[in-house]
Number of protein chains: 4
Amino acid sequence: MFGYFGPAGTFAHQALLTFYDGEAIPFVTVSRALNAVRSGEVEAALVPLENSVEGGVSVTLDNLATGKRLMIRREVILDVQFDLCVRPGTQLGDVRQVLTHSHAAAQTRDWLAANVPQAVVNEGGSTAGAAKEVSDPGSKYDAAVCASVAGDLYGLDHIAKNIADNPGAVTRFVLVSLPAQPPMPTGADRTTLAVYLKQDQPGALLEMLTQFSVRGVNLCRIESRPTKAGLGSYFFSIDAEGHIRDPRLAEAVLGLKRVMGDVVFLGSYPRADRVAPSVAPGFTDASFAAAKSWYGSVINPED
Amino acid sequence: MFGYFGPAGTFAHQALLTFYDGEAIPFVTVSRALNAVRSGEVEAALVPLENSVEGGVSVTLDNLATGKRLMIRREVILDVQFDLCVRPGTQLGDVRQVLTHSHAAAQTRDWLAANVPQAVVNEGGSTAGAAKEVSDPGSKYDAAVCASVAGDLYGLDHIAKNIADNPGAVTRFVLVSLPAQPPMPTGADRTTLAVYLKQDQPGALLEMLTQFSVRGVNLCRIESRPTKAGLGSYFFSIDAEGHIRDPRLAEAVLGLKRVMGDVVFLGSYPRADRVAPSVAPGFTDASFAAAKSWYGSVINPED
Amino acid sequence: MFGYFGPAGTFAHQALLTFYDGEAIPFVTVSRALNAVRSGEVEAALVPLENSVEGGVSVTLDNLATGKRLMIRREVILDVQFDLCVRPGTQLGDVRQVLTHSHAAAQTRDWLAANVPQAVVNEGGSTAGAAKEVSDPGSKYDAAVCASVAGDLYGLDHIAKNIADNPGAVTRFVLVSLPAQPPMPTGADRTTLAVYLKQDQPGALLEMLTQFSVRGVNLCRIESRPTKAGLGSYFFSIDAEGHIRDPRLAEAVLGLKRVMGDVVFLGSYPRADRVAPSVAPGFTDASFAAAKSWYGSVINPED
Amino acid sequence: MFGYFGPAGTFAHQALLTFYDGEAIPFVTVSRALNAVRSGEVEAALVPLENSVEGGVSVTLDNLATGKRLMIRREVILDVQFDLCVRPGTQLGDVRQVLTHSHAAAQTRDWLAANVPQAVVNEGGSTAGAAKEVSDPGSKYDAAVCASVAGDLYGLDHIAKNIADNPGAVTRFVLVSLPAQPPMPTGADRTTLAVYLKQDQPGALLEMLTQFSVRGVNLCRIESRPTKAGLGSYFFSIDAEGHIRDPRLAEAVLGLKRVMGDVVFLGSYPRADRVAPSVAPGFTDASFAAAKSWYGSVINPED
């Protein structure tokens with residue numbers, strides 16, 4: 001059984017349905033979803049990690065870095081899109097009262113003004129709740145602006161799809177389980193780490209980045225998060241290109257482990273976008289193998 | 001006239017009162033406060049920049065980096081503390097119903113259980129609102145958990161002060177005005193920048209940090225923020241030790257301006273904690289002056 | 001009056017004649033030539049600095065770095081080539097006895113075997129001395145392998161020119177005077193420095209190179225030389241692309257002066273090969289000027 | 001049978017005798033000594049590698065880096081010292097004619113002037129030759145300034161020992177054999193490498209040094225040598241602290257092999273001075289082992 005950051009009908013729910021059709025439980029906070037994994041109540045949970053507009057999801061980053069160890073198994077990148085959903089039979093021209101959440105209202109304002117100019121837009125507690133309300137035949141609302149999944153969940157018709165004014169926003173969700181062997185490398189993987197500096201020393205961040213660059217490992221994301229020990233004390237949440245079993249990344253992670261304060265390994269897993277890293281000459285698996293073979297020949301030249 | 005992130009009785013309000021006793025207007029969002037500066041409605045506004053527990057305040061970082069240029073003039077670091085405030089005459093043993101905000105309730109739970117075990121804790125919309133409610137003689141609530149300023153504002157008695165279970169959390173606020181000459185260096189200054197990488201190229205962050213380190217400039221804070229152009233596109237919000245008129249910091253900022261995508265200067269101003277940077281040999285003002293004098297002697301040796 | 005590393009008829013003499021036809025005095029050692037500049041006996045002296053086969057000329061590097069300050073004014077790069085020179089009237093088939101120096105014999109062995117197979121090759125003290133000897137009508141030697149200038153000096157015929165077996169070797173000579181204003185930048189200049197590390201500390205060489213790279217300055221030559229204080233104590237003799245008046249190089253040299261043990265400026269002068277440096281974006285004079293202008297605008301925004 | 005850079009009675013001979021009393025053959029050049037190893041004529045040869053006053057011995061550095069592969073097995077560091085040697089019976093006051101080599105004369109000038117003011121100092125071809133000449137009862141010379149070994153070799157009395165004016169100069173000699181397994185690590189080892197940059201690209205030297213520094217490996221010696229392909233084309237002759245079997249050095253050498261043009265491993269061998277490297281935290285063998293163990297636990301957490 002899987003958990004997700006709910007309620008039912010949210011984007012996390014929609015993201016989960018892209019790869020899972022078993023039983024699923026919504027949790028009202030990210031922390032509760034992750035703790036349900038820790039306690040064994042669910043096998044894994046899907047939670048948001050970052051958003052292209054808002055940045056990292058602090059509660060997820062902090063919980064994974066500081067709580068009892070968990071591991072990311074896969075990721076889903078979902079377009080943040082909205083549909084206009086109605087009770088079956090309602091036409092666009094009939095829509096008088098729209099219900100949605102304030103964020104969704106803000107992101108579809110222009111479309112609504114242009115396409116249902118006659119409608120009043122009301123802001124409620126959640127987009128999923130709006131869909132549920134609209135599904136009630138006695139509701140005073142004609143339409144909900146909500147995630148596609150919420151429309152389906154409550155038996156509504158999608159009279160307009162993908163109505164966000166600025167399309168392109170995405171949220172990245174991660175499926176988190178108890179620690180286990182990472183899935184095997186696919187050639188297009190991502191590795192998530194939390195790295196603590198040894199102390200708040202000048203140059204420690206530069207040293208951390210050098211550990212990656214000297215092994216030809218590129219970073220996709222780096223965010224500082226307070227350790228809560230006071231202003232100026234940080235850890236870094238990082239996504240690196242590649243898999244911990246790739247020799248360049250293995251060497252970088254081992255280097256970090258030796259010279260940084262602490263390294264928390266949070267998983268290596270396939271990238272949802274299937275983008276393989278561009279690995280510079282000298283950093284490919286073949287380069288590592290060739291160098292290792294050469295090393296053997298110089299320390300045992302008689303062989 | 002100054003603005004602040006309100007309503008009246010918040011920590012921002014309390015922070016403003018530490019240095020300003022003129023007329024002040026609360027704004028309900030950080031964006032509105034900053035736009036009031038841009039429009040000239042207020043001369044300056046006090047807004048939160050970072051918190052030792054929650055990290056950077058995204059809305060402030062993003063608004064300053066991307067909106068019409070503003071400049072930080074000073075900072076205030078405020079302990080996030082709560083008082084238990086009552087109508088005059090109420091004793092600790094009389095408190096039966098406490099009103100506060102859910103965050104404040106969470107941060108004072110142990111103290112309340114130990115000191116007013118008989119009381120029920122109710123969660124309302126804001127700590128300032130709780131104080132206002134309690135000030136009403138007909139209220140069913142006996143006490144509010146709120147910022148000190150809110151107790152004063154509504155004429156309450158502080159029957160217990162600084163009751164947070166885990167003291168030490170602080171919030172850093174900044175006073176923002178239209179661009180102007182930075183205040184003169186004091187020897188213990190901070191400089192805030194937003195730096196955009198030239199493109200999403202491997203090594204660009206390392207190069208950025210090297211611009212600082214090679215001039216002996218330490219960073220107090222660095223945070224990545226999405227540029228909203230898609231996952232993986234970031235700018236960096238940075239606080240550096242020192243003043244833009246310090247030669248080491250001037251050279252670093254000039255170096256960034258030349259090699260990075262863009263640099264937004266957001267102000268040099270005295271540190272609230274008055275901590276002077278420890279400047280390594282070779283990076284003091286005297287070192288810069290001595291090197292410059294030597295340079296003159298080698299290009300004009302006959303002088 | 002100019003001096004050069006002699007005797008008359010050497011490559012240094014030949015290099016001097018490429019740009020100077022006034023009175024010139026040969027000195028038997030590099031040190032004597034440079035000390036004659038220091039004492040005012042000559043206005044300037046031409047000495048070898050590096051050779052494409054043998055590397056840096058240690059005595060020149062050490063004398064310039066450690067003796068009373070001098071300055072390089074110009075450079076000459078000379079092909080190390082040999083001619084076969086005879087008394088007027090001698091034909092190639094008549095050559096029975098060849099005189100030259102052992103180095104020159106080694107570098108022309110194949111040509112001599114192929115073209116004057118009947119001749120015995122004798123090794124004497126210098127190629128210039130060989131030419132002088134051959135010019136004596138009573139000499140038992142028919143031909144000298146020597147620098148072109150030596151053949152001319154002693155009135156010999158060049159019956160074969162450029163006979164080195166492996167052409168392409170060059171020597172770089174420098175004209176050294178007392179310290180003076182460097183010649184103005186030409187856009188294709190070289191700067192020579194001697195840099196002493198602060199102490200024999202790990203990472204100091206890396207730090208030195210970073211001072212150049214962070215300002216986009218490329219190095220043409222870097223050599224370690226012992227300070228004579230014991231194994232493991234070095235200074236670095238460096239040629240950098242560009243002129244000390246170029247802003248990127250000025251900033252690099254100032255940076256070295258501040259953080260290294262000592263910097264000896266030995267001159268900025270036009271490159272003999274007229275190769276202009278490829279300056280990366282962000283390091284051109286225009287980039288420096290633009291950044292400076294921006295800096296003025298942020299510290300004086302009202303202007 | 002061992003070879004050495006001769007003739008008999010030189011410092012190389014003296015250095016060889018510090019650890020070897022078998023049969024030994026002198027060779028007149030370093031190249032001939034090394035080629036005798038390559039051809040199997042001798043098992044190993046002792047040649048000078050660097051001198052604290054003159055720097056690296058170019059012919060040795062170049063021959064090892066570019067010729068058929070050889071390997072350094074051990075090193076000897078020898079004080080460059082001179083004795084005044086006479087035929088048995090001669091007293092200091094009797095010395096009228098001293099014979100030596102010009103370098104030795106220069107380095108003992110003050111001592112000779114103070115202690116045998118009546119003597120004329122004559123410069124001959126070598127200090128060993130001077131000792132041989134003085135050993136002839138019919139010689140017109142009374143005394144030789146020579147290496148201690150030469151006095152012994154020719155049956156002379158050492159009437160004064162260690163007469164160099166500036167004591168402290170040392171030469172480091174290396175014993176070179178055909179490639180073989182390096183001797184086991186002793187905890188105070190040195191590793192010699194020749195590293196070719198991939199092309200003459202800006203930043204390649206910085207990248208090379210970073211390969212060492214990021215693994216906490218310090219360098220004892222670094223020298224650039226021309227590749228003979230023209231001005232500006234170099235390889236680097238390097239001595240690093242530690243043994244190629246030390247994990248930090250192994251990783252550094254493997255890194256160089258991958259990203260540099262070529263790496264020639266010239267041996268790991270005990271330091272003559274027995275100085276153990278100061279290894280920073282994070283770079284000890286124990287740190288490497290701990291990180292490797294951690295790595296195993298994160299990729300196989302169920303174990």
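Biologist: How do you know through which surface the copies, chain B and chain A, meet?

Modeller: This is a predicted model, in which local features need pLDDT of at least 70, side-chain atom pairs count only at pLDDT 80 or more, and totals for chains, interfaces and linings use all residues. Residues are numbered from 1 along each chain as its sequence is written, while chains are lettered from A and ligands numbered from 1 in the order in which they are written. Of the interface residues of chain B, 100% are also interface residues in chain A, so the copies meet through the same surface.

Biologist: How many residues of chain B and of chain A take part in the contact?

Modeller: Chain B brings 28 residues and chain A brings 28 residues, where contact means that the C-beta atoms of two residues, placed from the backbone, lie within 7 Å. On the side of chain B that touches chain A, two or more residues come from each of strand 11 (170-177), helix 8 (204-213) and strand 13 (219-226) of chain B; helices (H or I, at least four residues) and strands (E, at least two) are DSSP runs, numbered from the N terminus. Strand 13 of chain B gives the largest share, seven residues.

Biologist: Why are helix 10 of chain B and helix 9 of chain C called oblique to each other?

Modeller: Helix 10 (residues 285-299) of chain B packs against helix 9 (residues 247-259) of chain C at an angle of about 120°, with the axes 9 Å apart. Angles under 35 degrees count as roughly parallel, over 145 as roughly antiparallel, 65 to 115 as roughly perpendicular and the rest as oblique, and the two helices are therefore oblique to each other. Among the residues that make this contact are Phe288(B) and Trp294(B) of helix 10 of chain B, and Val253(C) and Leu254(C) of helix 9 of chain C.

Biologist: What does chain C give to its contact with chain D?

Modeller: Chain C has 28 residues in contact with 28 residues of chain D. On the side of chain C that touches chain D, strand 13 of chain C gives the most, with seven residues.

How values were computed: Axes are lines fitted to C-alpha atoms, for helices over the stretch in contact, and angles run from 0 to 180 degrees between N-to-C directions.
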